[in-house]
Amino acid sequence: MAEVTPWEVSGEVDYDKLVAEFGTKKIDEPLSQRMARLAGSQNVMLGRKFFFSHRDMDLVLKDYESGRGFFLYTGRGPSGPMHIGHLIPLLFTKWLQERFKANLYIEITDDEKFVCKREITWGGIQKAAADNILDIAAVGFDPERTFIFKDSEYIRNVYPLMLKVAKKINLTTTKAVFGFNEQTNIGLNFYPAYQIVPTLFEKKRCLIPAAIDQDPYWRIQRDIAESLGYEKTAAIHSKFLPPLTGMAGKMSSSNADTAIWLSDGPKAVRNKVMKYAFSGGQATVDEHRRLGGNPDVDVAYQWLSILFEEDDKKLKALHDDYRAGKLLTGELKQVLVDKINEFLAVHAKKREQAAKHLRKFTHDGKLASAMWEKNFVD
Ligand code: TYM
């Protein structure tokens, strides 16, 4: 059976079942079209239903149309280097920010990783945080509208509001929502208050793009926000980019060979894709030519369809040629390898650039001070 929590995703995920279990809504065609219309273009990951579920996205669009607007919030737990899966919500967030001109807060949860991971040191987390912030800044957010903050540094500013949040959450809730038990350390029990706080950074509706594993926090937020004088947060959920080895679970830092790291060079990418990417092809070339391959289980094809081949026509040609046995597994993998390497080369350049302008994103500037003035009057 599949398990999906903010810390663990295993097994074949049944996304329809998750929507029912979590009480979210599927993004239907009219909603997807409405987003595209207001955005002025469709996003590939939305159009192809990789972003598939939401809470109150319809209300976010209503706020946008009325001129009230909304703000964006997302985050990253710096437990090590980032892989391509971690970039997915950030790329989508960038699209939303660009199209809807919204403020964006990005939380770096060094505290969370320290209390939830036994084997990791504080120094190691700080190194990862600095490295991750560069990758995040490289995504190319609008510096006038973006604030990246690290929990352990920003605590001074958010602690009073966090206490208000913490006072509303009891152990029965954290046990039920996250499966915490008597052995769970109290740091982890307190942490949800910090992941919830940024949803209250402005007195507008917050929209959180993330994979669906983070949704349990938003469920708690939605139970308590109004009693604190704030709005229930909205959310838009993606599926998981699968690991190279197959469609079950998610690409995860705990299995290094099955992930593509943002720092991987062209050779490493090629080796990993050729060696590990689960193939929907047949055992021999002859059989493949005769019977054709199965793109539905083929990880190279799935990655291309999630984000690496944006052109619908080209994607369809790959699909049809693979099914017909005209395109071999090695050839399909090579298409993906080239796309990933092109993408990572651009990312590396942007990362270098971002390093020179990092303070634009991380210093407690205009955006943050305006927000606290408005927010922290009782
Ligand atoms: P973390 O660091 O585990 O993950 C960062 C973001 O990446 C998403 N994600 C994936 N998306 C697609 N495919 C995958 N294989 C994949 N693996 C991870 C996660 O859903 C997440 O959006 N507690 C959080 C940090 C956090 C946060 C937030 C995340 C704090 N506030 C608000 C999202 C929104 C964490 O440890 O994420």
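I count two residues as in contact when heavy atoms lie within 4.5 Å. The model I am reading is predicted.

**Entry: the two domains**

I looked up how the chain is divided. The assignment gives domain 1 (3–244) and domain 2 (256–352). I then checked the centres, taken over C-alpha atoms, and found 29 Å between domain 1 and domain 2. How many residues of domain 1 are in contact with domain 2? I noted 20 residues of domain 1, in contact with 28 residues of domain 2.

**Entry: α12 and α16**

Next I turned to helix pairs. Two packed helices are described by the angle between their axes and the distance between the axes. I started with α12 (266–276) and helix α16 (residues 329–356). Their axes are 9 Å apart, and the packing angle is about 150°. Angles over 145 degrees count as roughly antiparallel, so α12 and α16 are roughly antiparallel to each other. I logged the crossing of α12 and α16 as right-handed.

Which residues of α12 meet α16? From α12 I listed Pro266, Val269, Arg270, Val273 and Met274. From α16 I listed Gly330, Lys333, Gln334, Leu336, Val337, Ile340, Asn341 and Leu344. By class, this contact of α12 with α16 has eight nonpolar, three polar and two charged residues.

**Entry: glycine 280**

I followed the chain on from α12. Glycine 280 sits in the loop between α12 (266–276) and α13 (285–291). Is glycine 280 buried or exposed? Its relative accessible area is 9%. The cut-off for buried is under 20%, so glycine 280 is buried. Leaving out residues up to four places away in sequence, I found that glycine 280 touches Gly293, Asn294, Val297, Asp298 and Tyr322. I also compared glycine 280 with glycine 124: they are 156 residues apart in sequence and 39 Å apart in space, C-alpha to C-alpha.

**Entry: α14 and α15**

I moved to helix α14 (residues 299–308) and helix α15 (residues 312–323). Their axes come within 10 Å and cross at roughly 165°. That angle makes α14 roughly antiparallel to α15. The crossing of α14 and α15 is left-handed. On the α14 side I noted Tyr301, Leu304 and Ser305; on the α15 side, Leu315, Leu318 and His319. These contact residues of α14 and α15 divide into four nonpolar, two polar and no charged.

**Entry: α10 and α11**

I then took helix α10 (residues 186–196) and helix α11 (residues 215–224). They pack at an angle of about 75°, with their axes 10 Å apart. The range for roughly perpendicular is 65 to 115 degrees, so α10 is roughly perpendicular to α11. Tyr191, Pro192, Gln195 and Ile196 in α10 meet Tyr217, Trp218, Ile220 and Gln221 in α11. I sorted the α10 and α11 contact by class: six nonpolar, two polar and no charged residues.

**Entry: positive phi**

Last, I looked up backbone angles. Aspartate 56 is not a glycine, yet its phi is positive, near 60°. Where does aspartate 56 lie? I found aspartate 56 in the loop between β4 (51–55) and α4 (57–65). Aspartate 56 is buried, because its relative accessible area is 17% and the limit is under 20%. Lysine 101, also not a glycine, has a positive phi of about 50°. I placed lysine 101 in the loop between α5 (84–100) and β6 (104–108).

Methods
Residues are numbered from 1 along each chain as its sequence is written. This is a predicted model: local features need pLDDT of at least 70, side-chain atom pairs count only at pLDDT 80 or more; totals for chains, interfaces and linings use all residues. Side-chain values use heavy atoms; hydrogens and water are left out. Helices (H or I, at least four residues) and strands (E, at least two) are DSSP runs, numbered from the N terminus. Buried means under 20% relative accessible area, exposed over 50%, partly exposed in between (1.4 Å probe, protein chains only). Axes are lines fitted to C-alpha atoms, for helices over the stretch in contact, and angles run from 0 to 180 degrees between N-to-C directions. Angles under 35 degrees count as roughly parallel, over 145 as roughly antiparallel, 65 to 115 as roughly perpendicular and the rest as oblique. A crossing is left-handed if the near helix is turned anticlockwise from the far one by less than a right angle, and right-handed if clockwise. Ala, Val, Leu, Ile, Met, Phe, Trp, Tyr, Cys and Pro count as nonpolar, Asp, Glu, Lys and Arg as charged, and the others, Gly among them, as polar. Domain bounds come from an automatic or database domain assignment.
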